[in-house]
Amino acid sequence: MADVKKEALKISQEKGGKLEIKSKVPVQSREDLAIAYTPGVAAVSSAIAKNKEDIYTYTTKKNTVAIVTDGSAVLGLGNIGPEAALPVMEGKAVLFKEFADIDVIPICLATQDTEEIISHIQAIAPSLGGINLEDIAAPRCFEIERRLKESLDIPIFHDDQHGTAIVVLAALYNALKLTKKDLSTSKIVINGAGAAGIATAKKILAAGAQNVLLVDKSGIISADDANLDVRHQEIAQMTNPQHLKGNLQEALKGADVFIGVSAGNVLSKEWIQAMNDQPVIFAMANPTPEIMPDKAKEGGAFIVGTGRSDFPNQINNVLAFPGIFRGALDSRASDITDEMQIAAAKGIAAVISEDELSTDYIIPDVFHPDVVDIVAKSVSDSATK
């Protein structure tokens, strides 16, 4: 890993970052200049002035997304600020381009004020076909996304919430096929009640789950808890139908699935032994999972997934967001709905055929050539229904 970090520093220094803007048209003569800029461009601007929808015909808007962050929750590094967040946003932009041929502009805002973030994004929206919110801390990320969805007519997607949730759901679909269990009757425990945990709970519930427990540092979240955090009040009404109390160990008794979006080494192999037969463990904390795969297997885990590329079943957001935005842009969707996201999860799961499916292969590799096209089509078809 040290060599990878050294190489990343070296390349970033040599290249001056990971992105550049290239012209699609030549500017090698006076005629070229007249067409690309003035006076020719006046005809294009006039056409759009008459019909704003023509902006999708004549400009880059139809294939341009902004990745917007305030630098408050960056890639496991925490609140490191907008300047330090820029390399991460550049890297994410590269993934958009390489996997789905989407042009992306990184926007790192020098404010962590909810109202200012919302107003800045609203102000730049005319240039963009979509917004990918990235690495914005909870709870303000929820309010920012909600308000932007209400006020803008382009897709808004907070990848830290929904990207994780979609890929988890995809992995869960295939894991439950192997365990021959049903989503609606499975007991699912999610450890970590931040943006990813809450979004994952909501997505799984929207897909048909009925018995989901959300656990944070203080224990199982329950609607009848008088000291419940404000940001957990909504999800508490949707989860823990039996109003169970206790810690993670208690929550896991009789559970079918553990989903970790929390911290390393918080899950004991002995607790897995108290789960139902053929337990499924998704330990996605990075770089150290909630439990290492070998320890999980020792505890009786039937299927283990992590967020790491050096273990089987990597649950990686890259499987979701490029195809989701490709499908949303191609269908000119004004929103990325739950239905579209569930369709994306089903598309990711379907990449693996019944014959290929195994305990060590429930989720496709990020470089699988069919992933983006299948996810994009799933999203586009759902958007146009």
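A: Arg332 lies over the face of Tyr56, 3.6 Å from the ring centre; a charge counts as over a ring if NZ of Lys or CZ of Arg is within 6 Å of the ring centre and within 35 degrees of the ring normal. Lys92 has its charged end over the ring of Phe321, at 4.2 Å from the centre. This is a predicted model, in which local features need pLDDT of at least 70 and side-chain atom pairs count only at pLDDT 80 or more, while totals for chains, interfaces and linings use all residues. Residues are numbered from 1 along each chain as its sequence is written, and side-chain values use heavy atoms, leaving out hydrogens and water.

Phe321 also belongs to a cluster that ring pairs build with Phe96, Phe157 and Phe325. There are 4 aromatic pairs in the structure, where rings of Phe, Tyr and Trp (its six-membered ring) pair if their centres lie within 6.5 Å, and planes under 30 degrees apart count as stacked, over 60 as edge-to-face and the rest as tilted. One of them is the tilted pair of Phe99 and Phe367, with 5.7 Å centre to centre and 40 degrees between the planes. Phe99 is partly exposed, at a relative accessible area of 23%, and Phe367 is exposed, at 66% (buried is under 20%, exposed over 50%, partly exposed in between, with a 1.4 Å probe and protein chains only). Phe157 and Phe325 form an edge-to-face pair, 5.9 Å centre to centre with 85 degrees between the planes. Both Phe157 and Phe325 are buried.
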